[in-house]
Amino acid sequence: MTDTQTDNSAGQSNGQQEQGHDHHVTKDSVHQRLRANSSIMQLKKILVANRGEIPIRIFRTAHELSLQTVAVFSYEDRLSMHRQKADEAYVIGKRGQYTPVQAYLAGDEIIKIAKQHDVNLIHPGYGFLSENAEFARNVEAAGLIFVGPSPETIDALGDKVSARTLAMKCKVPVVPGTEGPVEKFEDVKKFTDEYGFPIIIKAAFGGGGRGMRVVREQASLKDSFERATSEAKSAFGNGTVFVERFLDRPKHIEVQLLGDNHGNVVHLYERDCSVQRRHQKVVELAPAKDLPVETRDAILNDAVKLAQSVNYRNAGTAEFLVDQQNRYYFIEINPRIQVEHTITEEITGIDIVAAQIQIAAGASLQQLGLTQDRISTRGFAIQCRITTEDPAKGFSPDTGKIEVYRSAGGNGVRLDGGNGFAGAIIAPHYDSMLVKCTCHGSTYEIVRRKMLRALVEFRIRGVKTNIPFLASLLTHPTFIEGTCWTTFIDDTPELFALIGSQNRAQKLLAYLGDLAVNGSQIKGQIGEPKFKGDIIMPELVDSEGKKLDVSQPCKKGWRNIIIEKGPEAFAKAVRANKGCLIMDTTWRDAHQSLLATRVRTVDLLNIAKETSHAYSNAWALECWGGATFDVAMRFLYEDPWDRLRKMRKLVPNIPFQMLLRGANGVAYSSLPDNAIFHFCEQAKKNGMDIFRVFDALNDVEQLEVGIK
């Protein structure tokens, strides 16, 4: 590697098609397709042990670095976008072996996949295994490269208590708190007796707001401690917590760090992540708008000092709280890429993921052109996390199918998405983030307006989103001034006076569809019937031309053979018949083709007796089945079994037939045989005679079910 190799983004994407694959490697011919040439990278293949938007983000940079990409996915994620964006994709374990979340925590299984498919590097993304020192250790033990800090560094910094001890050793200010991990309630009580309230209880081995509780009074201390430890154990496998004094209305400032394998550390300036809800970041800004220069410089210097003290390698984030007197306190160092890294990339022009991968491959910061004197900021950037949450219902996650998805775009707008597309199924198993929207502008006010414009451009239908809340937030005077604090959302109830989307297009389409099928619901709008004559009722006559009495059902017909002699005799009589037998499907097709799926039971019963006479010599009436269930239960709110019994009573002489179909209709073929047999048995008891087996059920075993 030479000093002339200084391009931290190393090449341009050539826009090749990307393919996902289950259980197999793409063919050599696909692997050899034209890619951008990157002289700084000698490695060939990277696996991302994550899901959602961050693997896609990493894959894009990996392609620019001429790397082959590998995705892993849980069974529940088999239709997710991230597996389609990789050159290869492999399911984690067998179906049912892991829960949806456990699959992405199955480190040994992921390493096994990497070894089987000649992977060189594993990038953990954020969350899941990203702060798991044991996983990093196992990756390196397997002869692979872990794109992140060393296992020893993760051990030293991933535990908030250890990081706090390190900060005090480096003479970096920290919030007063317990000296070490707290496992017993008595230890928490002892701290509050000495320092008072309010306090904050934090999980020692995790982040993201989980295992975190603010306690303002003695009465709720014990319950909050128990909830925090339980949540921490569930989320991170370790219920250890620590306790600090809680600062009222502080700002949350974090510093993006990069370190190489040669002891060099640089900062990429700060981000303001104060806009949070229950300790989960909602909107992030870079750089901080109202931080005094001397406070900013002190925070940046201390962040670098902390990272240098542990020989920090790769990307990380040092987090601080700044009180209302602009005094700052170290919280922790997150040894991984952050969700909000995009805003730092926008203001510095540095591809942080590219730097991560190249540092892991052995590059120095100098070789990447990332010395502190060459790093500067330009303008402001804001990131909004667009989630499938309903702000009107306490941000409860929404699930379902995305029916419409139209995203924002234009100058200064960047989107990092995972599952944001029309037809995507939003499942309840994972984080609710749909897409990250990042905007960049020359001033804070310009970027704020740009973000607001981008939010207005989004059209997402089928699931609820937090976009109305984000729009309310961005137009609040406090946000406009840039003076938010960490509990701003919780302290500002007027943010929840939301203006929802009008959704005019879908409402209009729904109205037109209803009008086409059901006609107008407005009284008098339909007008007079076009037909002005008298309704002529047809007269039925017998073979001698005499008028038939249709006041009672006809008793003569082919069904008598089934009733009196059984199905075998009926089949024999049909084969012996020399003429042409007819089967009428009007009572079935009427539901779908003739009258737009709206024929009521009463409409059929009104012509039933006449039909019994007119078709007395018919082989069958095909009159009941999957379409009946659809129209009766979904539209008419009728009982299809009741319909069958009533029709049978008024048409006792003609065999009733139902269409039993598979692939091209109601999916009986997906049911087990015993379910099909039970359904047929119940249909027979209620009046059905013949089961016409169609398409996917035309095999010997299924036919046996049909004729019993």
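The legends below describe close-up views of a predicted model.

**View 1. Helices H4 and H5 where they pack together.**
Two packed helices are described by the angle between their axes and the distance between the axes. Helix H4, which covers residues 107-116, and helix H5, which covers residues 133-141, have axes that come within 10 Å and cross at roughly 25°. Angles under 35 degrees count as roughly parallel, and H4 and H5 are therefore roughly parallel to each other. The crossing in which H4 passes H5 is right-handed. On the H4 side the contact is formed by Gly-107, Asp-108 and Ile-111, and these meet Phe-135, Asn-138 and Val-139 on the H5 side. Sorted by class, the residues of this contact are three nonpolar, two polar and one charged.

**View 2. Helices H13 and H14 where they pack together.**
The axes of H13 (444-457) and H14 (467-474) come within 10 Å and cross at roughly 155°. Because angles over 145 degrees count as roughly antiparallel, H13 is roughly antiparallel to H14. The crossing in which H13 passes H14 is left-handed. From H13, the residues Arg-448, Met-451, Leu-452 and Leu-455 meet Ile-467, Leu-470, Ala-471 and Leu-474 from H14. The contact of H13 with H14 is made up of seven nonpolar residues and one charged residue, with no polar residue.

**View 3. Helices H23 and H24 where they pack together.**
Helix H23, residues 626-635, packs with helix H24, residues 640-650, at an angle of about 115°, and their axes lie 9 Å apart. In H23 the residues that make the contact are Thr-628, Phe-629, Val-631, Ala-632 and Met-633, while H24 contributes Pro-640, Trp-641 and Arg-643. By class, the contact of H23 with H24 has six nonpolar residues, one polar residue and one charged residue.

**View 4. The second largest pocket and its lining.**
About 950 Å³ of space lies in the second largest pocket, which is lined by 30 residues. Arg-461, Pro-468, Gly-500, Ser-501 and Gln-502 are the lining residues that lie nearest the centre of this pocket. At least two lining residues come from each of strand E18 (404-406), helix H13 (444-457), strand E22 (459-461), helix H14 (467-474) and helix H17 (504-518). Of these elements, H14 gives the most to the lining, with four residues. The lining of the second largest pocket divides by class into 15 nonpolar, nine polar and six charged residues.

**View 5. The largest cavity and the residues around it.**
A search of the whole structure finds three cavities of 30 Å³ or more, and the largest cavity has a volume of about 90 Å³. The largest cavity is lined by Lys-251, Asp-272, Ser-274, Val-275, Val-283, Glu-284, Leu-285, Tyr-444, Phe-479, Gly-482, Thr-483 and Cys-484. Strand E10 (265-277) and strand E11 (280-286) are the elements that give two or more residues to this lining. By class, the lining of the largest cavity has six nonpolar, three polar and three charged residues.

**View 6. Two cis peptide bonds, at Pro-198 and at Pro-287.**
Most residues other than glycine have a negative phi, and most peptide bonds are trans. Phe-197 and Pro-198, however, are joined by a cis peptide bond with omega of about 0°. Pro-198 has its place in the loop between helix H8 (185-195) and strand E6 (199-203). The peptide bond from Ala-286 to Pro-287 is also cis, and its omega is near -15°. Pro-287 is found in the loop between E11 and helix H10 (293-309).

**View 7. Lys-171, a residue other than glycine with a positive phi.**
The phi of Lys-171 is near 60°, which is a positive value. Lys-171 lies in the loop between helix H7 (160-169) and H8.

Technical notes. Residues are numbered from 1 along each chain as its sequence is written. This is a predicted model: local features need pLDDT of at least 70, side-chain atom pairs count only at pLDDT 80 or more; totals for chains, interfaces and linings use all residues. Side-chain values use heavy atoms; hydrogens and water are left out. Axes are lines fitted to C-alpha atoms, for helices over the stretch in contact, and angles run from 0 to 180 degrees between N-to-C directions. Angles under 35 degrees count as roughly parallel, over 145 as roughly antiparallel, 65 to 115 as roughly perpendicular and the rest as oblique. A crossing is left-handed if the near helix is turned anticlockwise from the far one by less than a right angle, and right-handed if clockwise. Contact means heavy atoms within 4.5 Å. Ala, Val, Leu, Ile, Met, Phe, Trp, Tyr, Cys and Pro count as nonpolar, Asp, Glu, Lys and Arg as charged, and the others, Gly among them, as polar. On a 1 Å grid over the protein atoms alone, a cavity is a set of points where a 1.4 Å probe fits but cannot get out, and a pocket is an open set with protein on both sides within 12 Å along at least five of seven lines; lining residues have an atom within 4 Å of a point. Grid points are joined across faces, edges and corners, and a volume is the space filled by probe spheres set on the points.
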